[in-house]
Amino acid sequence: MSQAQKVTLTGVSETALLTLNARAREARRPDGIIDDPMAISLAESIDFDFAKFGPTRQDIALRALAFDDQTRQFLRQHPSGTVVALAEGLQTSFWRVSASVPDAAFRWLTVDLPPIVDIRTRLLPASPQVSVCAQSALDYSWMDQVDPDKGVFISAEGLLMYLQPEQSLALIAECARRFPGGRLLFDVPPPLMAMLIRRGVWTSLRYKAPPMPFNLSVSEAADLVNTMPGIRAVRDLPLPAGRGWLFNTLLSSAYRLRFLDPVRPSLTLLEFG
């Protein structure tokens, strides 16, 4: 094994290391809920004190699985389409998805800041299907590299909550305008949780996660179909089942009992008209 390479990220970009660590640790478990050998390999190739983030949780892996599932559904309908991974961080979604899509002909566009792209370029294998834009998702010029004719699926996993509300809503609106017929999947914290973590949250004695200024309730997300031009449908998606009877009981109750909407995970699929 080659020597691990030192990696330094700060601010929101550092959360890419947190989520990578969570997926890799979950994938190493004998009863792991995610099969992610590329995440394990990537984590092992990075010289970083992952322990600073504190204990990992299975919900980060479950979120990744939910994004994978919607990406595969899109590719079954649009096998030559384009998947755009906004602020992709150190996600390894491309390899998980392509492993389960036979005769893959789709294109994958990674959009992220130069420090993240540098790490991905150095430590992840290249693929002729993958293109890269080393820029902010808020620099809309990445849209010029997307061919909308064969279908577009835009993934914003762990992105919008770190933007200001006006930035998130403007990004959604521009995607709807530029990619009619496309889809956008995003996650944000519910309002009650956002109130608690608005100034960031300590995951350990050594790490404080960045603030999350943007949130939407389930009803606010559903109302985007009425308030934002170009959106023809909004789907509130559940997380897949995880590990453990208690966890799954609480998770299913959160979706079944409407009064828990302000505190449950929020995963929203937008379909553009």
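Contact here means heavy atoms within 4.5 Å.

1. **What you are looking at.** This is a predicted model, in which local features need pLDDT of at least 70 and side-chain atom pairs count only at pLDDT 80 or more, while totals for chains, interfaces and linings use all residues. Residues are numbered from 1 along each chain as its sequence is written, and side-chain values use heavy atoms, with hydrogens and water left out.

2. **Overall build.** The protein chain has ten helices and eleven strands; helices (H or I, at least four residues) and strands (E, at least two) are DSSP runs, numbered from the N terminus. The radius of gyration of the chain is 18 Å, close to the 19 Å that the globule rule gives for 273 residues, so the chain is as compact as a globular protein of that length. That radius is taken over C-alpha atoms, and the globule rule is 2.2 Å times the number of residues to the power 0.38. Along the principal axes, the C-alpha atoms fill a box of roughly 50 × 45 × 35 Å.

3. Of the 273 residues, 53% count as buried, where buried means under 20% relative accessible area, exposed over 50%, and partly exposed in between (1.4 Å probe, protein chains only). The chain has 28 positive and 28 negative charges, and their mean positions are 4 Å apart. Lys and Arg count as positive and Asp and Glu as negative, with His and the chain ends not counted; each charge is placed at NZ of Lys, CZ of Arg, CG of Asp or CD of Glu.

4. **Links along the chain.** Take the contacts between residues at least 6 apart in sequence: 76% of them join residues at least 24 apart.

5. **The nonpolar cores.** A nonpolar core is a set of buried Ala, Val, Leu, Ile, Met, Phe, Trp, Tyr and Cys residues joined through side-chain atoms within 4.5 Å. In soluble globular proteins, nonpolar side chains tend to be buried together. The largest core here has 49 residues, of which Leu 17, Leu 20, Ile 46 and Leu 90 touch the most other members. Apart from that core lies another, of 31 residues, with Val 84, Ala 137, Val 152 and Phe 272 among them. Leaving aside neighbours within four places in sequence, Ile 46 is in contact with Ala 4, Gln 5, Val 7, Leu 17, Leu 20, Leu 90 and Leu 123.

6. In the loop between α1 and α2 sits Ile 34, which counts as buried at 6% relative accessibility. Not counting residues up to four places away in sequence, Ile 34 touches Arg 23, Glu 26, Ala 27, Ala 61, Ala 64, Leu 65 and Arg 96.

7. Gln 70 lies in helix α3 (residues 58–77) and counts as buried, because its relative accessibility is 6%. Beyond its neighbours within four places in sequence, Gln 70 is in contact with Phe 153, Leu 185, Arg 235, Leu 237 and Leu 269. Arg 72 is also found in helix α3, but Arg 72 is partly exposed, with a relative accessible area of 23%. With neighbours within four places again left aside, Arg 72 is in contact with Arg 96, Val 97 and Ser 100.

8. **Loops and a strand worth a look.** Ala 87, in the loop between β3 (82–86) and α4, has a phi near 50 degrees, a positive value in a residue other than glycine. Gly 11 is in the loop between β1 (5–6) and α1, and its C-alpha atom is separated by 9.7 Å from that of Lys 208, 197 residues apart along the chain. Ala 209 belongs to strand β9 (residues 207–209) and is buried, with a relative accessible area of 8%. Outside the four places on either side in sequence, Ala 209 is in contact with Gly 200, Val 201 and Thr 203.
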